[in-house]
Amino acid sequence: IFPEALVRKGWEIGLLPGNIPESMGGFGESYSALTGVLAYEELAYGDLALALQIMAPALVAIPLLLDGTEAQREELMPLFFDETPPPVTAALVEPRLNFDPARLKTTADSDQGGYVLNGRKVYVPLAEGAEWLLIYAAHAGQVDGFLVRGDAPGLSIGPREKLMGVRALPTYPVMLDQVRVEAAYRLGGEQGINFPRLRAHSQAALGALAVGVMRGSLDYAADYAKERVQFGKPIATKQAIAFMLAEAAIEVDAARLMVWEAAWKLDQGQDASRECYLAKQYTDRSAVLVTDSAVQTLGGYGYIREYPVERWLRNARGFATFEGLAMV
């Protein structure tokens, strides 16, 4: 668990409000995904779980910015300019082995001028106590988003999940049983959302977070290798170590440039689905390779929790399943 003061301090930096245009109440000149990925990378360099927690409000704010109606923005955007993080989150992942975000089992059926939601979600960050949840569900052959109040009848939050990594980030399962949503709270109104674009923004964010984790673990391992002396020489002078760290450095730079390019294309208004997908896939694999190299560099110490590299490896392994846990 993180001290509340630490999370609040991270929020007070103003990364999210500073990236929302003044026309919508924010402090920024214009929205920029590239600015976002640079910030996410630096936050994750420090700690992935804390980065995900500080930026959890973006899971609702960015979809509102990109696809929300004027009425939805007027009602909910002010939440993101307070001194404390707003209690909001989003739910995308479902507990299925063959989970595909484009083919959700959670459903939203039209009923009496509104919608009825049914389904189950997992990996929902900060769900307990959330006042608003953005629920992604299948509706009329596409994926739509629905803004649901945390105390809505039929919505229930399960016990906190016990994860292999990001253990300081509270995530929960969310159950939806005949949850009614007014038509006004379908994100984007009658037009709905551009889900492929939102997914691309999420993939860019997760790619940036992975790069931050990779950089943190590589820097730590390289410093350790220069200081750790065996047989009279730093282990960094040994080819087995030096070559492994060099390969890791290549992976970090390659992944970083892929994420930056994807974010730049998003800012240009281009269809960046391909670039964001490739960046996400590449960073998923590279993060495991680089953090595992850090563990190997420390040898037996790498497996001891007194050192942070084992945590970075556990966190990195989760990126393949972190669909929708970040948005930039």
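Predicted model: local features only at pLDDT ≥ 70, side-chain atom pairs only at ≥ 80, totals over all residues.
Local features need pLDDT of at least 70 and side-chain atom pairs count only at pLDDT 80 or more, while totals for chains, interfaces and linings use all residues. Residues are numbered from 1 along each chain as its sequence is written, and side-chain values use heavy atoms, with hydrogens and water left out.

**View 1. Helix 4, residues 58-67, is mostly covered.** Ten of its ten residues are buried (under 20% relative accessible area; exposed is over 50%, partly exposed in between; 1.4 Å probe, protein chains only). Among them are Ala 58, Pro 63 and Asp 67. Helices (H or I, at least four residues) and strands (E, at least two) are DSSP runs, numbered from the N terminus.

**View 2. Phe 27 and Phe 81 form a tilted aromatic pair.** The structure holds seven aromatic pairs. Rings of Phe, Tyr and Trp (its six-membered ring) pair if their centres lie within 6.5 Å; planes under 30 degrees apart count as stacked, over 60 as edge-to-face and the rest as tilted. Here the values are 6.1 Å centre to centre and 50° between the planes. Phe 27 lies in the loop between helix 1 (4-12) and helix 2 (33-46), and Phe 81 in the loop between helix 5 (70-76) and strand 1 (88-91), so the pair ties together parts 54 residues apart in sequence. Phe 27 is exposed at 52% relative accessible area. Phe 81 is partly exposed at 23%.

**View 3. Tyr 220 and Trp 312 pair edge-to-face.** Their centres are 5.6 Å apart, with 75° between the planes. Tyr 220 belongs to helix 6 (residues 195-227) and Trp 312 to helix 9 (residues 309-317), 92 residues apart. Tyr 220 is partly exposed at 29% relative accessible area. Trp 312 is buried at 9%.
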